[in-house]
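Open the model in your viewer and keep the selection panel at hand. The tour moves from one selection to the next.

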Number of protein chains: 2
Amino acid sequence: MNLSKRIESVPTSTIMELLTLSAKAKKSGKKVYHLNIGQPDIKTPQGFYKAIREFKGEILEYSLSEGLPELIEAIRKYYEDYNIKFDDDEIIITNGGSEALLFTMLTICDDGDNILVPEPFYSNYYNFSKSVGVNINPITTLAENGFHLPNKEEIVSKIDGKTKAILFSNPGNPTGVVYTKEEINMLADIAIEHNLWIIADEVYREFIYEGEYTSLGNIEKVKDRVIIVDSVSKRYSACGARIGCVASKNKDYIKAILKLCQARLSVPTLEQLGAIELYNTDKSYLTDVNEEYRQRRDVLYNELIKVPGVICEKPTGAFYIVAKLPVENADDFTKWLLSDFDVNGETVMPCPAEGFYMTPGLGVDEIRLAYVLNSENLSKAARLLKEGLETYLKLNKK
Amino acid sequence: MNLSKRIESVPTSTIMELLTLSAKAKKSGKKVYHLNIGQPDIKTPQGFYKAIREFKGEILEYSLSEGLPELIEAIRKYYEDYNIKFDDDEIIITNGGSEALLFTMLTICDDGDNILVPEPFYSNYYNFSKSVGVNINPITTLAENGFHLPNKEEIVSKIDGKTKAILFSNPGNPTGVVYTKEEINMLADIAIEHNLWIIADEVYREFIYEGEYTSLGNIEKVKDRVIIVDSVSKRYSACGARIGCVASKNKDYIKAILKLCQARLSVPTLEQLGAIELYNTDKSYLTDVNEEYRQRRDVLYNELIKVPGVICEKPTGAFYIVAKLPVENADDFTKWLLSDFDVNGETVMPCPAEGFYMTPGLGVDEIRLAYVLNSENLSKAARLLKEGLETYLKLNKK
C-alpha cells in the first residue's frame, strides 16, 4: 500500500533514539536532568481545574466552531492590555497553536508554495509544511549574532514567485531571541513590498527578560496581512489543554480558516471553559513566572559561558538557549552524556539542535537547552553539562 | 491578500441562512423542533465528568502524541468485544473523528489524488478533501434503493489512476443505510483488485436496528488496507469531548500518521481521562440508547410514510433518515416551514439534503432528519412535518 509523497517527506522524530538511551540510563539507576523538552514545571492556575469541575451540563455538546464567545472575549481583552485591538470576530479558537499553524498553512498556501522562516526554527513548522506540500525557504541566523535576523537584502533573496508568507516565532523557539522593533519593521516592510502574509507565532510573548517587545499586532501598516498564532500552553503552563487561537484583522482569512474550523466541528468544550479562567488569572501569575524564568536563564547562561569554546549570546525571551559547543557533533555528545557520563550517578540531557535547521550541516555542533527546571535543579544540570563537556573535550583530545 | 486555491474550493456552510430564519422564528415566539442537526440529546455517561473532576495533577502536561495508553487499551478491548483484533500500537487517539479523517487524507493522498465516496455523504468529507487538494469521485446511491450501493461495475468505473481509497460511513450519515455483508465484501474486493485503501468511518457502529452489522475490521482479506475512523461523539453522546481514533493493522500507515500526531503534540489530557471512563461504561448504556433510537426511528418513519409522494426506505442504522419529498426544492420548503408555517405556534426544521451530494442537481428534493429528540417531541415534530408538507403541496398546486 502506498502512502502519500507528502507524508513521506515529513521526517520521523529523531529524538526517539536519545529517549531510549535516557530510559536506559534511568533504568541503570542514573538520575537524568531533562533540559531537552519545552514542558514547563510551573503549576497551572487552579482556576482552570475549578471551572471544569464546576461544569453542570449533563450532555457534553459540540461547542461553536469558532470557539466559546466567553473565551474569545477573554482573549480579546488580553490583547487589549497590550494595546493590540481585535474584534471578537477576528479571533478563532483552535486545538492548540498546532492546529492554528496547520490550518493557516492550508488557508494561504497551495501545494508547491513556500514560506520564509528564519532558521533555526521550531521543527514542527517543517513537519506541518511538508505534510501539506508547502516548502520552507530558510533564512539562516547565527549563534554568533544571538540569532538576530540578517539584512533585508539577504531575506529578500529567498523570495520567489511561490512565496506566500513569512513565518517566525517571537520570542524565538529554539533560540530565545526577541526581535527588535527595527527587525519587526523590516519584516513588515518586506511583507508589504512582496505582498506576503506574516504569520507571527507569539506563544512565548509573556517571556521577555530584557528590553522592549514588539508584537506584530502593534504594527499598523501590516494589519491586513498579519496572522497571530497563539496558545495557552506555555503562558499558563497548560500544554495538555490544547487551546490556541488565530487572530487577524484580515476578514477574508478569518472567513476562510473558519471553513476548516467548521469542518472539524469544534474544540473541546471543557478545555475552553478552563481556558477562560486561565485568561482571568491574576496578572501577578505571569509576572511571577516571568521573574522565575529570568532567574533560571541567568543561572543557566552564567554556567554555560564559563566553558571555554561555548558560543552563546544571552537570550532575552522564551525559555530556551541555543549554544554552539566546541564539539564535532552535539548528537554524539548527548549520547555520551546519557551512556558514558555521570557525576555521583547524575547526568543531563540537552537537545541536539541540528533538527531545528533546514540547511544541511548547520546546527550539528549546537544544543538547545530548555530551562524548565527549578533553579536548584537547573543549577545542578548546568554544572553537569559543564563538567560533562570538559570531560568529553579532554577524552576527545587524547 | 490572496488565499489558497484549495481553501477557496471549500464551500461556505449553507446552513447559516436557515439558522438565521430559525432564530427569527424563535424570536417571534415560534417553537422550532430541530431535526436538522446530529447533536444527540442523550445524557453523557457521568463517569466522564467524574474522571475529569478527580484529576489530581497540578501541571497540565502534554500527553503522549499517540494518546494515553489506558485509553488505547480501553478502545482495544472495545473492538475485541466485536471480535476486531487490534494491538495497542495499531490505535492512535485523535481530536475527534475529524482529525482522524483529515490526517488520514494527508497520509495516503497527494494533491490531485482522488477517493471514491458513496453519495449522499457526510458533507465534511468534501470540505476536508478539498482543503488538502484531494478530489472525491462520487458513487451515486438512491433513496429508492434505500441508499444501498450500485453494482460493482458502476463503482469500478469511477476509479482512475489517481484513485487512492474508498471512504464511507457505515452505518451511513446522512442515509442511515447499513451495508450488507455482500456490499462490504464487494468493496473489499474492489479495494484489493485496484490496490486501494479502505477508510471505514464507523462512528455510528452502535446504532443498528435490524439485521447484521459487518465491520471492515472483520474482513480478513483486507486487513492490511483498512483504516477505521472512530469517535466517542455519538456512541457516548460526548460530541464536545472531541476524542476519536484511527485503527489499522497497516504499520506503515500508523507510522506515517503518527508523524502528524507528533507534530500536533497531543490530544487534551483531561478529555482522554474522561474517554477511558466512557469506554468503561456498562454495556447496558449502549443497549438502552440503541433501543431508544430504534423507537424514535419507528415513530419518525411511520409518520413520514403516511405522506403521499414521500420516498423513503426504513433506515436500519445511525440516527438519520433521508427522504425524497414531492416538492421541487427542499431548501425552499424548509425556509417556508420556518417563515410561513406553524401549528399552534410550533414548526419543525429539517436539513435540506442537497449539501450531502456532489453531483449537481441531486438531492434538491430531499431532506435529512436526525431523530435526536425524545419520542414525544419527535412525534410532534413528525406530525408538524407531515402537516407542513401537506399544506405546502396544496399551496403549490394552486
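**Stop one: between the domains**

One salt bridge crosses the interface of domain 1 of chain A and domain 2 of chain A; a salt bridge is a side-chain nitrogen of Lys or Arg within 4 Å of a carboxyl oxygen of Asp or Glu. Select Arg297(A) and Glu210(A): they form a salt bridge, with the closest N and O atoms 2.8 Å apart.

This is a predicted model: local features need pLDDT of at least 70, side-chain atom pairs count only at pLDDT 80 or more, and totals for chains, interfaces and linings use all residues. Residues are numbered from 1 along each chain as its sequence is written, chains are lettered from A and ligands numbered from 1 in the order in which they are written, and side-chain values use heavy atoms, leaving out hydrogens and water.

Now colour the two domains. Domain 1 of chain A is 8–37 + 284–397, and domain 2 is 47–281, bounds that come from an automatic or database domain assignment. Their centres, taken over C-alpha atoms, are 27 Å apart. Contact (heavy atoms within 4.5 Å) joins 30 residues of domain 1 of chain A to 36 residues of domain 2 of chain A.

About 2,900 Å² is buried between these domains, with 62% from carbon and sulfur atoms. Buried area is the accessible area (1.4 Å probe) that two parts lose on being put together, summed over both. Select Thr316(A), Phe356(A) and Met358(A): they supply 21% of the area that domain 1 of chain A buries against domain 2 of chain A, more than any other three residues.

**Stop two: between the chains**

Show chain B. The contact takes 78 residues from chain B and 77 residues from chain A. Together the chains bury about 6,200 Å², 58% of it on carbon and sulfur atoms.

How many salt bridges does the rule find across the interface of chain B and chain A? It finds two. Select Lys43(B) and Glu58(A): they form a salt bridge, the closest N and O atoms being 3.5 Å apart.

**Stop three: the axis**

Superpose the copies by least squares on the C-alpha atoms of residues with pLDDT of at least 70 in both. Chain B is laid on chain A by a turn of 180 degrees and a shift of 0.0 Å along the axis, with an RMSD of 0.0 Å. The two copies are thus related as by a two-fold rotation axis. Select Arg53(B): in chain B, its C-alpha is nearest the axis, 2.5 Å from it. The same surface serves both copies, as 99% of the contact residues of chain B recur in chain A.
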